[in-house]
Amino acid sequence: MTDIAASADLSTEDLVQGVIDWISIESPSLDTDAVNRMVDHVESEFEVVGLETERTPGEDGWGDLIRGRAPGLARANKGILVVSHIDTVHPIGTKESGNPIRIEGDNLFGPGTYDMKAGAYIAYYAFKRLLEEGGEPILPVTFMYIPEEERGSPYSRKYIAEEARKAKYVLVTEPARDGGKVVVERKGSARYKIAAEGRPAHSGSKHEYGRSAIKEIAKHICEIESWTDYDRGITFNAGLISGGTGVNVVPQHCQLEVDNRFERLEDGQEFEERILGLGPYNPDVKLTVTGSIMRPPMNITDAILDLFQKARAFSLEHGLDLQFTSRTGGGSDGNLTAAEGAPTLDGLGADGYGAHQLDEHIYISSLEPRARTWMKLFERLD
Ligand SMILES: [Zn+2]
């Protein structure tokens, strides 16, 4: 076995420049053209390293899904799947005004640095350096860049599941947590919409005729939020609400969106049944509940622990003491790959701070050691 990854020169300067190039192409999930500009860039990066590229046109207004494949020495049929997303939650222009791209000490600021363009770039860079040094992965490697992860991957999920079933290991480039920790467990998540339709009326002269959709929804909010149980790891958040047409009109319509997180699939299923079964408090109001579990929880297994131990041993050689965190509330595409039974290690991206925030940044000093870990994973996993 060659051992290029242990001794290869990795350039922090190149890593920083690569990340800046990627974050300079802003790519909010809902902006198809913007996301596809990012896909174009990834496609050209794939060409640089000679990956066999497969670009699947997006559906329902999503950007394209891009995959790049390398055969690997073993020509095995199960390989390494690298899952990244190239969309961000930040609107166009954030790189100039909201969170200008800049370096302050060890911090590189910019929209999508931490979540997760730095991680997406680190994995790519590590692979590129391995090939440049004459190395080759033992296992076949597939890079997969998702255009709408921040929206729950509604379009990509079937492709993610398909690739996960073919993977021996799945490595996810989501940001590292709490001082560089990788992620071996994640909560599951569900999203629901609750719509109430009442009866409009003049709030002064015909109040008694009205049936308030807002009042109806308000009662449901109190009920649903009361299901939160921190001890069981269950949370409900009524995060979005809209309704009413005027302060002097009994509101006919009201719509609520609810986010649910859970540690155990059974809990997610129990509450799915409960919320979909809700009926109106007021029989004159029509209540419609839609939604479902979006991502099952990712729970630690022996295979995940084994993969973590490998990554940890590789990292310790160059002084990176990799730890893991579990039960993080945020979901990722790692939930979907783990649900297919593929050993999944998540949080292998850059260390930093402020996902989805305007002070989002990465720690530049975390790039090189983590890139080296990636290089070793590519070179040694068999
Ligand atoms: Zn992310």
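Q: Which residues does Ala126 touch, leaving out those up to four places away in sequence?
A: Ala126 touches Ala371, Trp374, Met375 and Phe378. Bear in mind that this is a predicted model.

Q: And what's Ala126's place in the largest nonpolar core?
A: That core has 76 residues, and Ala126 is among the three that touch the most other members, along with Ile80 and Ile122.

Q: Which helix gives the largest share of that core?
A: Helix H5, residues 113-132, with 12 residues.

Q: OK, what about a second core, how many residues are in that?
A: There's a separate one of 15 residues. Its members include Ala196, Leu256, Phe271 and Val285.

Q: Switching to domains. What are the bounds?
A: The domain assignment gives domain 1 as 4-186 + 298-380, and domain 2 as 194-295.

Q: How many residues are in contact between domain 1 and domain 2?
A: Six residues of domain 1 contact five residues of domain 2. On the domain 1 side of that contact, you get one nonpolar, four polar and one charged.

Q: And how far apart are the C-alpha centres of the two domains?
A: They lie 37 Å apart.

Q: What about overall dimensions, what box do the C-alpha atoms fill?
A: Roughly 85 × 45 × 35 Å along the principal axes.

Q: How much of the protein is buried?
A: Buried residues make up 48% of the 382. As for contacts with a separation of 6 or more, 79% of them link residues 24 or more positions apart.

Q: Let's do secondary structure. How many helices and strands?
A: The protein has 11 helices and 18 strands. Six of the strands form an open sheet with mixed pairing, in the order S1-S2-S6-S3-S7-S16.

Q: Which strands stand at the edges there?
A: S1 (52-56) and S16 (344-345) do. Each has a single partner strand, so one side of each is left without a neighbour in the sheet.

Q: And S6, how many of its residues are buried?
A: Six of its six, so to speak the strand is mostly covered. Val141, Phe143 and Tyr145 point one way, while Thr142, Met144 and Ile146 point the other way.

Q: In which sense does S2 pair with S6?
A: Antiparallel: S2 (residues 65-70) pairs with S6 over five bridges. Within that pairing, Ala70 stands opposite Val141.

Q: And how does S3 run against S6, parallel or antiparallel?
A: S3, residues 79-85, runs parallel to S6 (residues 141-146), and six bridges join them. Ile80 stands opposite Val141, and Leu81 is opposite Thr142. Ile80 also turned up above, as one of the residues touching the most other members of the largest core.

Q: Why does Thr94 count as buried?
A: Because Thr94 has 21 C-beta neighbours inside 10 Å, and the cut-off for buried is 20 or more.

Q: What does Thr94 touch, again skipping residues up to four places away?
A: Glu26, Asn99 and Pro111.

Technical notes. Residues are numbered from 1 along each chain as its sequence is written. This is a predicted model: local features need pLDDT of at least 70, side-chain atom pairs count only at pLDDT 80 or more; totals for chains, interfaces and linings use all residues. Two strands pair if DSSP finds at least two bridges between them. Helices (H or I, at least four residues) and strands (E, at least two) are DSSP runs, numbered from the N terminus. Domain bounds come from an automatic or database domain assignment. Two residues are in contact if their C-beta atoms, placed from the backbone, lie within 7 Å. Ala, Val, Leu, Ile, Met, Phe, Trp, Tyr, Cys and Pro count as nonpolar, Asp, Glu, Lys and Arg as charged, and the others, Gly among them, as polar. A nonpolar core is a set of buried Ala, Val, Leu, Ile, Met, Phe, Trp, Tyr and Cys residues joined through C-beta atoms within 7 Å. A residue is buried if 20 or more other C-beta atoms lie within 10 Å of its own, exposed if 12 or fewer, and partly exposed in between; C-beta atoms are placed from the backbone.
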